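Have the viewer open and follow along.

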Amino acid sequence: MLSFKPFKGIHAKEENTSDFPMYSPENYSEEQIKSKLRGKTPSYVDIIKPTFFKGESPLENRFKKVRKRFEDYLNENFVENDPASIYIYEQKKRNGEIFKGIIGLISVDDFKENNVKVPEQTNEQKQKVFTQFLDITYLQSNPVLLSYDSNSKLEVMMDLEMKSKPLIQIIDELEISHKLWRVNNRLKLAQFKDAVEKLPALYLADGHYRMAAAVEHSDKIKEKSKSKDFLFDQNHHVMSLIASSQSIRIHEYNRLIKSLNGLTRDELFARLEEHFTINEKGVQPYFPSHKHHISMYFEGKFYGLYIKHEFRGTPEGLGNIDTYLFNKFVLGPIFDISTNKEEKQKVSYIKGSGDVKGITDIKVAVDNGDYKIGFAFYPVSFSDLQLISDLGLKIPAKSTFIEPKMLLGLLMFDMK
């Protein structure tokens, strides 16, 4: 059975809210980060400022400075501390697309006991760094994204809370709206807790390395703690955004390859035809219309690669995932890329958009001469992610890019 509980959220004061949070640093250029660091108002980027000065001191020392800056914010009342609460979150994009979910704490035991199922591989290097971050800062500022099959009771409960005035309401630099409602009424907390804990399972949609790091951090605290005191309890949970499968959007991750592995055009196509039917699509960007259809851009033209029926669905679960079949039939045997080291040297990943725009980005990268060939995929379905997870399997890394993406620092959880 799942474990769901409220927490004492921390967020910017109302007068600083619009300038406080930020997206993950990897979404900004170096100049944009420098511009944010020059900002004079209290902000999350100011709290994590020491992490950007890589040559200044070892990572451990920089993380210690982050904790010190966070404590300064607490002491100087730059941020507010809420009573134990859960939160309703809504994100609205410029195109009208809306995501919503509940933010609370999920126990790391649910991860260990497979109540939270994980369909995708974890980036071990990122996990290692983030574990160290948690070990030193005790700060969670970006919830992992967990999803579930639609639950009408939860949807109604959220909708009722969203009729009131939000605690936080901002529009970010991408013109995306973020709203946050706080729920701290004891009866309502019990109702939400009961509804979430009765869900048959949750599926990890985003934040794989952060979830794994939280588990590793908790294990370290458990070893140091002789009893299950408050400190241990705080460090035994992961701040989580829980959204239904109807309130997330799964995008594809596409591949760009730097070398043809010495193959001529004719040799490449002959090898591909062993497992694919190839249709030339011309110069206009081609977005694959179905699962098992892959778009290929090569020498100025687009091609549809259709996985032959006898190779679909095998093995069970993974055979439904096009990135797995691509690795099995193309990346390894044709381009001779089979290890993580080779992959990092020869393959680049580019986020898709669920439409032709992502395909155009591939075209530009290949036409610029940076890559020889590009491949684009149809987005993985939530039902396939469920099947993979239920079977205890893992899809290849960089197979999905899932929204919503929350702003860092919009809501924080201090484990100390």
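## Reading the element numbers

Helices here are DSSP runs of H or I with at least four residues, strands are runs of E with at least two, and both are numbered from the N terminus. Keep in mind that this is a predicted model.

## The whole chain

By that count, the chain has 14 helices and 19 strands. The C-alpha trace spans about 65 × 50 × 45 Å along its principal axes. A compact globule of 416 residues would have a radius of gyration near 22 Å, and the 23 Å of this chain agrees with that.

Of the 416 residues, 53% are buried. Looking at contacts with a separation of 6 or more, 79% come from residues 24 or more positions apart. The accessible surface is about 19400 Å², with 48% of it belonging to carbon and sulfur atoms. As for charges, there are 60 positive and 58 negative ones, and their mean positions sit 3 Å apart.

## Strand 11, covered on both faces

Strand 11 runs over residues 237-244, and eight of its eight residues are buried. His 237, Met 239, Leu 241 and Ala 243 point one way, while Val 238, Ser 240, Ile 242 and Ser 244 point the other way.

Most residues other than glycine have a negative phi, and most peptide bonds are trans. With that in mind, check the bond from Thr 314 to Pro 315, which is cis with omega near 0 degrees. Pro 315 sits in the loop between strand 15 (301-307) and helix 11 (322-331).

Glu 403 and Pro 404 are also joined by a cis peptide bond, with omega about 15 degrees. Pro 404 lies in the loop between strand 18 (400-403) and strand 19 (413-414).

## Positive phi without glycine

Glu 175 is not a glycine, yet its phi is positive, at about 65 degrees. Its loop runs between strand 8 (168-171) and strand 9 (177-183). Is Glu 175 buried or exposed? Exposed means over 50% relative accessible area, so Glu 175, at 51%, counts as exposed.

Lys 398 is not a glycine either and has a positive phi of about 60 degrees. You'll find Lys 398 in the loop between helix 14 (382-390) and strand 18. With a relative accessible area of 33%, Lys 398 is partly exposed.

Definitions and conventions
Residues numbered from 1 in each chain as written. Predicted model: local features only at pLDDT ≥ 70, side-chain atom pairs only at ≥ 80, totals over all residues. Heavy atoms only, no water. Rg over C-alpha atoms; globule rule 2.2 N^0.38 Å. Buried < 20%, exposed > 50% of the residue type's maximum accessible area, 1.4 Å probe, protein only. Contact = heavy atoms within 4.5 Å. Areas by Shrake-Rupley, 256 points an atom, 1.4 Å probe, with all protein chains shown as cover. Lys, Arg positive; Asp, Glu negative; His and termini not counted. Charge placed at Lys NZ, Arg CZ, Asp CG, Glu CD.
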